[in-house]
Amino acid sequence: MDIHAQKLLILDFGSQFTQLIARRVRESKVYCEIHPYNTGEKSKGGLIKFIKEYNPKGIILSGGPSSVFDKGAPRVPKGVYGLGIPILAICYGMQLTAKLFQGKVERSKHREYGPADIIIKDSTGLFHGIKKDKIKVWMSHGDKVATAPKGYKVTAISANSVIAAVSNTEKGLYGVQFHPEVVHTAHGKHIIKNFTHRICKARSTWTMKSFIDTTVENIRAQVGPDGRVICGISGGVDSSVAAALVAKAIGKRLTCIFVDNGVLRKNEGDEVYKTLTKNFDVKIKKVDASDIFLKKLKGVADPERKRKIIGNTFIRIFEAEAALVKGAHFLAQGTLYPDVIESVSFKGPSATIKSHHNVGGLLKRMKLELVEPLRELFKDEVRVLGKELGLADELIDRHPFPGPGLAIRIIGSVSEERCEVLREADVIVIEEIRRAGWYDKIWQAFAVLLPVKTVGVMGDERTYENTLAVRMVNSVDGMTADWVRLPYEVLERISSRIINEVHGVNRVVYDISSKPPSTIEWE
């Protein structure tokens, strides 16, 4: 079964939610790809030719930060709507549709951002099977569609009678002003599935079992019958699942390298190595490069430089280790879709958020060819894949830990002394949420050392020491996250223990920001 045959095309206008659209489409077990709205504009035939060659079952136009009134505002040719392919236009995509087809778009006096109620006027099409007349959705737009495009009818309105959804069922064209892809929209998954299956008539071929079969074949084809692969493995979910998938494809021609980069958590090197050797029947080599990393990070405060230094150093170490393995010309790593979209404008004009060490930090000239079996996946898909591969829960259910480690949880310059302070605090955070039975209820929990000193009183004496932030979030796919409402008594124990047990900290704060607008990690 070709998992890519039943596919949708997402045209990206620069929304940070575009990857979420892809996630929801794949959640309905349909493959999709994201490409910029201007794909093919410099080639003969342009976007229309590209779409015909791609041959999607449906097209989704994303939202975006632009206004249709902006000079040079992004747009697609009107001919896209005449290809006989169903289209779902979201937010900016709907406003553009109205602009192209004699509808009326107006600038709003106030940006509509956050939850809103909409009233469903037509329970067919996108809203088929939703038994409620009113549902809560997530809005994020500045302009609004005042008059529906020619040939479209209004299928939903907001509580204050603003157009929220339109349709031209005869041509299979639909538009929504809200964002069905975010978790805050009730029935959002249902709306997306109505489009993928009822309207586009796509079949459910995108499953993790099918993904394994396809990816194993791809790895074997890339590596060849005699090629050997080096895999950088950290003990985290991503690298562990990537290693398991490569091992399934080529067996003992895989060598895993665990690098102690000097910015790991307390005792992590020994614990991770023990876990990996217990769970993998391949060669695993441990390399202590802590002195190298810390020397290169000395005095570096800029988070982008930290990530790139760490990424480059990892590659140099892997290249050196590969030279010791005859025939090893490939490097496998656990790059994910969110890593890519946040690192670069990978498939469209989305703004760069931050460079991930295994994307933006890679050397331009590498001796090793990359094998990235998870590049199409989101974090929750990786966990499902890990279970399908039979990995132990201790690997799959582990909280995410970033490749750059504590270096991006120390705001400002990194030193061994600051790492030690953060290590001791981090242990307390994890111990206390485990003791309270909260570890498995939280997506990610960690401490952040701030470059801020505050006045305190300890033992009747004045102190002037570090501030430490505690961050705990819940998420489904890593693209959005909400802060955890941890019981006050647990927070109190964490704060009390850190201040009393960790030398150099006299104040603890709790981060209550969500993603967006914040990111999960501080850097």
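## Ground rules

This is a predicted model, where local features need pLDDT of at least 70, side-chain atom pairs count only at pLDDT 80 or more, and totals for chains, interfaces and linings use all residues. Residues are numbered from 1 along each chain as its sequence is written, and side-chain values use heavy atoms, with hydrogens and water left out.

Let's start with strand E2, residues 31-36. Helices (H or I, at least four residues) and strands (E, at least two) are DSSP runs, numbered from the N terminus. Six of the six residues in E2 are buried, so the strand is largely enclosed by the rest of the structure; buried means under 20% relative accessible area, exposed over 50%, and partly exposed in between (1.4 Å probe, protein chains only). In a regular strand the side chains alternate between the two faces of the sheet. Here Tyr31, Glu33 and His35 point one way, while Cys32, Ile34 and Pro36 point the other.

E2 pairs with strand E1 (residues 7-12) in the parallel sense, over six bridges; pairing takes at least two DSSP bridges between the strands. Leu8 sits opposite Cys32 of E2. To get from E1 to E2, the chain goes through helix H1 (residues 18-27), and this β-α-β crossover is right-handed: with the strands pointing away from the viewer, the path from the first strand over the helix to the second runs clockwise.

## Two positive phi values

Most residues other than glycine have a negative phi. Asn55 has a positive one, near 60 degrees, and is found in the loop between helix H2 (46-54) and strand E3 (58-61). Asn55 is exposed, at 55% relative accessible area.

His187, also not a glycine, has a positive phi of about 65 degrees. The loop holding His187 runs between strand E9 (173-176) and helix H4 (188-199), and His187 is partly exposed at 33% relative accessibility.

Helices H6 (residues 237-250) and H11 (residues 379-388) pack at about 45 degrees, with axes 10 Å apart. Axes are lines fitted to C-alpha atoms, for helices over the stretch in contact, and angles run from 0 to 180 degrees between N-to-C directions. That makes H6 oblique to H11 (under 35 degrees is roughly parallel, over 145 roughly antiparallel, 65 to 115 roughly perpendicular, the rest oblique). The contact (heavy atoms within 4.5 Å) involves residues including Val241 and Leu245 of H6 and Val382 and Leu385 of H11.

Helices H13 (residues 416-435) and H14 (residues 488-501) pack at about 150 degrees, with axes 9 Å apart, which makes H13 roughly antiparallel to H14.
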